[in-house]
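Welcome to this structure! Here are a few notes to read with the model in view.

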Amino acid sequence: MKELINSSVGRKMLVAVTGQFMVLFIIVHVLGNSTLFFGGLNAYALKLHSLPLLVWITRILMGSALAVHVIFSIQVTLENWTSNPDSYAMTKYQRSTFASRNMIWTGAVIGTFLVFHLLHFTFQVINPAFAASANMDALGRPDVTLMVISGFQHFVSSFIYIAAMIALALHLFHGIQSSFQTLGINSERAMPYVTKAGSVASIILFLGYIAIPVIILLGLLKGQ
Ligand code: HEM
């Protein structure tokens, strides 16, 4: 572990592994959110909260991964900025793109969004009148559906989410393929597939996430 932290390639590997771990959460979360379209979000949220051990293990793992990812990605970026060419492992297949040059900024937007998002839907202090903890549905379950729909009926709130999802898409667009490269999947044969898979995954996740605010803003989903 000490060796990983002390070498710049090791630090990049920690950023890559923690990034991939968080992508798994992002995939599961968008699938969970999509239950909204089938009227199943309240049941899904209730089921999740009936498994506190799973919820807390996920929170601790995710929180630790996020901390490692943020600390070492800032360090790698600072090393890059001080422009010591030997301190950063780039392969000949990496080319500079808008997404790759702005990883630190898209990351900062996602971090800021996460604080807003947790205040909105986990601590439920942004739109308290529609907090799931304060409103039960007809079956007596916390009404997460009402909270989400009323949240996204506000243009500013939806705008914040959509802007953050653009940052997330850009971050993943470069991050997914770069993480595989860092972890050694960087042969001439593999790279075009890795790049394409990363791009397709980030576009699918982007569409999956913005679908909710966009559909609600358009008035196509109004709740009960
Ligand atoms: C339109 C987009 C999104 C919607 C509708 C949404 C919805 C929700 C809801 C309803 C909750 C509360 C679940 C509950 O406690 O019952 C939640 C929690 C959470 N969301 Fe999202 N989310 C979105 C995007 C994201 C993104 C992009 C990320 C990560 C980058 C994210 C990360 C989280 C985290 C970390 C939690 C806290 C989970 C916990 O309680 O431990 N969400 N989200």
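1. Which helix supplies the largest share of the shell around the ligand? That helix is α6, with six residues. Please keep in mind as you look that this is a predicted model.

2. At least two residues of the shell come from each of α2 (8–33), α6, α7 (144–152), α8 and α9 (191–217). Of the 18 residues around the ligand, the nearest are A45, F121, T122, Y209 and I212. Sorted by class, the shell has 13 nonpolar residues, four polar and one charged.

3. Next, have a look at how α6 packs on α8. Helix α6 spans residues 103–122 and helix α8 spans residues 155–182; their axes lie 9 Å apart, at an angle of about 140°. The two helices are therefore oblique to each other, and α6 passes α8 in a left-handed crossing.

4. Which residues of α6 and α8 make the contact? On α6 they are M103, T106, G107, V109, I110, F113 and F116. On α8 they are I160, A164, A167, L168, L170, H171, H174 and G175. By class, the residues of this contact are 10 nonpolar and five polar, with no charged ones.

5. Finally, a word on L118, which lies in helix α6. L118 and L168 are 50 residues apart in sequence, and their C-alpha atoms are 16 Å apart in space.

Methods. Residues are numbered from 1 along each chain as its sequence is written. This is a predicted model: local features need pLDDT of at least 70, side-chain atom pairs count only at pLDDT 80 or more; totals for chains, interfaces and linings use all residues. Axes are lines fitted to C-alpha atoms, for helices over the stretch in contact, and angles run from 0 to 180 degrees between N-to-C directions. Helices (H or I, at least four residues) and strands (E, at least two) are DSSP runs, numbered from the N terminus. Angles under 35 degrees count as roughly parallel, over 145 as roughly antiparallel, 65 to 115 as roughly perpendicular and the rest as oblique. A crossing is left-handed if the near helix is turned anticlockwise from the far one by less than a right angle, and right-handed if clockwise. Two residues are in contact if their C-beta atoms, placed from the backbone, lie within 7 Å. Ala, Val, Leu, Ile, Met, Phe, Trp, Tyr, Cys and Pro count as nonpolar, Asp, Glu, Lys and Arg as charged, and the others, Gly among them, as polar. A residue is near a molecule or strand if its C-beta atom, placed from the backbone, lies within 6 Å of it.
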